[in-house]
Amino acid sequence: MLQHFIALLLFVTVCFGQDGPLTANFQTWLQANGYGDQDFPRVDFGTKGSFGGKDSDTDAATRQPVVFIHGNSDAALKYSFTATGWSNSIEYFLQKGYKSRELYATSWGDANALNAASRTHDCATLGRLRKFLEAVISYTNATKIDIISHSMGVTIGRKIVKGGKLVTTKGTCDLGPSLAGKVDTFVGLAGGNYGLCDCEGGDALISATCNKKDGFWPGDSCGFNTLDCGAPIMAFPCSGVVYSSFLTDLNKNPIREGSYIFSAWSLLDDVILYEDLVWGNPTSLIPNSTKKKVYSLYTHMETKELTAEDQFDMVVHHIVA
């Protein structure tokens, strides 16, 4: 019985990897600098709600800090078998010489997949994550940072870097001036930049995350093509799609997300589906990307979980292998 118990503990330790939360030094700094009300540690997730920080004031980052932004119903670190967080990526970066003072993540949302359909690009979420970026930049005194994002974290990350006015179903806010000049590399993994085909039609009215203002509505038609957003070949010429106002503004905004922009996705993504196509174009391809990486067999979460080496190459070497 004892052997089985020890084996179970080892299994849990291996599966759930890195522990947080933010270091005591970072938490003290946050309190002293006006961020105490933002709950960046997210201790409601135990040790999985956040990661990063110095051990003491004398610690200094020798690499550009990396900020990780997770997607809908996920967490900063592996919290459950569905909310796998950035544990694999952080472990890989640590093995490559990074320190906790150079790697940062906080959780947003509640990691409950049953609530996924209710989440939008709202002012509360984006405003809080924008402040997290600002806090990391100030705390580390970094000239530049890198950002690695996944799923809904891609479109959230893009907007909080670009800044400016945010119009949502619940009101309007201003995220502040662009932070693009502080971002060296922006990595977007499996992001719905042009919407999600499963959000077309009636879903835009039923599901908040699919809504036409700040959700992932891809548009219901393109030319004479109607309600067939994911078709591999359009029956009629397709141009000038009217889709989510938030995504339209995001994609038309000429401000780049960083000096280097990388997009990556999988043809077998089980959330985006349709080989990543939305009206004939890959929805995960961020406009003006420096380079892209297309995987053949990964699921939506595996595009984050199994690509740490590629993520490292993108932010450190600015290459796609």
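This is a predicted model: local features need pLDDT of at least 70, side-chain atom pairs count only at pLDDT 80 or more; totals for chains, interfaces and linings use all residues.
A disulfide is a pair of cysteine sulfur atoms within 2.5 Å. Cys199 and Cys210 meet that description, with an S to S distance of 2.1 Å. A search of the whole structure turns up four disulfides, and the salt bridges come to nine.

- Counting the bonded cysteines along the chain, the disulfides pair up as 1-2, 3-7, 4-5 and 6-8.
- Three of these links are described below, one by one.

**Cys199 and Cys210**

- The link between Cys199 and Cys210 is left-handed, at -60° about the S-S bond.
- This pair links distant parts of the chain, 11 residues apart: Cys199 sits in the loop between β7 (183-189) and α6 (203-206), while Cys210 belongs to the loop between α6 and β8 (221-222).
- Are these two cysteines buried or exposed? Both Cys199 and Cys210 are buried.

**Cys123 and Cys173**

- The sulfur atoms of Cys123 and Cys173 are 2.2 Å apart, and the two residues form a disulfide.
- Helix α4 (residues 123-140) holds Cys123 and strand β6 (residues 171-174) holds Cys173, so this bond ties together parts that are 50 residues apart in sequence.
- The S-S bond of Cys123 and Cys173 has a value of -100°, which makes for a left-handed link.
- Cys123 counts as partly exposed because its relative accessibility is 22%, and buried would mean under 20%.

**Cys222 and Cys238**

- Cys222 and Cys238 also form a disulfide, here with 1.8 Å between the sulfur atoms.
- At 105° about the S-S bond, the link of Cys222 and Cys238 is right-handed.
- Cys222 is in strand β8 and Cys238 is in the loop between β9 (225-226) and α7 (245-252), so the pair connects parts that lie 16 residues apart in sequence.
- With 1% relative accessibility, Cys222 counts as buried, whereas Cys238, at 28%, counts as partly exposed.

**Salt bridge of Lys304 and Asp74**

- The side chains of Lys304 and Asp74 come together in a salt bridge, 2.5 Å from N to O.
- Which parts of the chain does this bridge tie together? Lys304 lies in helix α8 (residues 302-305) and Asp74 in the loop between β2 (66-69) and α3 (87-95), so the two parts are 230 residues apart in sequence.
- Lys304 and Asp74 are both buried.

**Salt bridge of Asp110 and Arg119**

- Asp110 pairs with Arg119 in a salt bridge whose closest N and O atoms are 2.0 Å apart.
- Asp110 is partly exposed at 37% relative accessibility, while Arg119 is buried, with a relative accessible area of 9%.

**A closer look at Arg42 and Asp39**

- Arg42 counts as buried, its relative accessibility being 10%.
- Asp39 is partly exposed, with a relative accessible area of 38%.

Key
Residues are numbered from 1 along each chain as its sequence is written. Side-chain values use heavy atoms; hydrogens and water are left out. Helices (H or I, at least four residues) and strands (E, at least two) are DSSP runs, numbered from the N terminus. Buried means under 20% relative accessible area, exposed over 50%, partly exposed in between (1.4 Å probe, protein chains only). A salt bridge is a side-chain nitrogen of Lys or Arg within 4 Å of a carboxyl oxygen of Asp or Glu.
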